[in-house]
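Thanks for coming. Please look at the model on the screen while I go through a few places in it.

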Amino acid sequence: MRIAIFGVGGAGGYFGAKLVSAGEEVVFIARGRHLDVIRQRGLCVTSTQGEMLVQPILATDDPAEAGKVDVIILGVKAVQVAASAATMRGMISQNGFVVPLQNGVEAASQLSDVLGVDRVVGGLCGTLSWVSAPGHIRSLGDANFIRFGELDNHVSPRTMALHAIFKAAGVNVEVPADINRALWEKFLFVVSLGGVAALKEETIGEVRDSVESRRMLELCMREIAALATARGIQLAEDIIERTLTFVDRLPEDGTTSLQRDLSQGKPSELDAWTGAVVRLGELSRVDTPVNAFIYEKLGKIDVATRVVS
């Protein structure tokens, strides 16, 4: 397969580098100084396994230069999904498809509206990785994984072929039996931890060790679990307990992408995360008071950031 990493941020950069290091034919779609450094020296990834320097077959900011690809791994911010869909249309080969990695539950439908449902699968990933400097990805911990699957949950040759490629690259990869359930379980985790950590301005360790913060975290999760049920998504009965246990195993000095974006004055994914909980809660008639409180407070910071930007 010829693969494009569309958005070489923390997630796209980490998984893209793993594919390149395994000898796959990979194109990077990046921009700015980050792109310049990748072109000059390659992409460097520093993790608990050491340092990895890779050079894709092509790095560009123009999708038209990428040529046809069989798979697009979409690593842009959630707010950029719709705009990205239009620009990537010409890149997709006859049987190609897009794997969105955004932390949310709306990316697949946004892509399908532009590209057609047959060009999109559901996707998600887990990684504490970010761009620490142009051309450099920093990754903490060992909880890196990628999941994807057909939106109707049938097992397809294309998803199994991509699964084999990621597995050969040493990536923790899975094609879940129910991709929508997997998306909502990840959504419950990132939205709750991201919102509480950003509101409290605390590291992951501080959130889980504070009685007040941990209680707020659990309440956020319970609201999202109730919303999922109302929308026909059957989460695991012990999803709250399992998610809290997972949080307890994360690096104590870790931070979430949402709080990093807000603290650094960058446009964030707040609207696609906590905002989506509030919007979908209203549509489904599910009360989400804790998430609504977080959305209101952090929304003032996010709006100010967008105005400045």
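**Buried sites, cores and spaces**

Serine 93 is buried, with a relative accessible area of 14%; buried means under 20% relative accessible area, with exposed over 50% and partly exposed in between, using a 1.4 Å probe and protein chains only. Before going on: this is a predicted model, in which local features need pLDDT of at least 70 and side-chain atom pairs count only at pLDDT 80 or more, while totals for chains, interfaces and linings use all residues. Residues are numbered from 1 along each chain as its sequence is written, and side-chain values use heavy atoms, with hydrogens and water left out.

Back to serine 93, which sits in strand β7, residues 92–100. Helices (H or I, at least four residues) and strands (E, at least two) are DSSP runs, numbered from the N terminus. Leaving aside residues up to four places away in sequence, serine 93 touches Lys68, Val69, Asp70 and Arg119, where contact means heavy atoms within 4.5 Å.

Next, glycine 7, in the loop between β1 (2–6) and α1 (10–21). Glycine 7 is also buried, with a relative accessible area of 14%. Its contacts, not counting residues up to four places away in sequence, are Gly12, Ile29, Gly75 and Val76. From glycine 7 to aspartate 61 is 54 residues in sequence and 9.5 Å in space, C-alpha to C-alpha.

Now the cores. A nonpolar core here is a set of buried Ala, Val, Leu, Ile, Met, Phe, Trp, Tyr and Cys residues joined through side-chain atoms within 4.5 Å. Which members of the largest nonpolar core touch the most other members? Of its 43 residues, they are Trp184, Leu188, Leu193, Leu217 and Leu235. Two or more residues each come from α6, α7 (204–209), α8, α9 (239–248), α10 (257–263), α11 (274–284) and α12 (289–308). The largest share of this core, 10 residues, is from α6. Apart from it there is another core, of 35 residues, including Phe28, Leu35, Phe97 and Leu162.

Tryptophan 184 touches Val105, Ile224, Leu227, Ala228, Arg231, Ile233, Leu235 and Leu280, again without residues up to four places away in sequence. Helix α8 covers residues 211–230, and its buried residues include Leu217, Ile224, Leu227 and Ala228. With 20 residues, α8 reaches 29 Å from first C-alpha to last, close to the 28 Å expected at 1.5 Å a residue; the expected span is 1.5 Å times one less than the number of residues. Just after α8, glycine 232 has a positive phi of about 85 degrees.

On a 1 Å grid over the protein atoms alone, a cavity is a set of points where a 1.4 Å probe fits but cannot get out, and a pocket is an open set with protein on both sides within 12 Å along at least five of seven lines; lining residues have an atom within 4 Å of a point. Grid points are joined across faces, edges and corners, and a volume is the space filled by probe spheres set on the points.

The second largest pocket has a volume of about 300 Å³. Of the 17 residues lining this pocket, Val105, Glu106, Ser109, Asn180 and Trp184 lie nearest its centre. At least two lining residues each come from α4 (107–115), β8 (122–133) and α6 (179–200).

The largest cavity holds about 40 Å³. Its lining is Gln102, Asn103, Gly104, Leu124, Leu183, Lys186, Phe187 and Val190, and α6 gives the most, with 4 residues.
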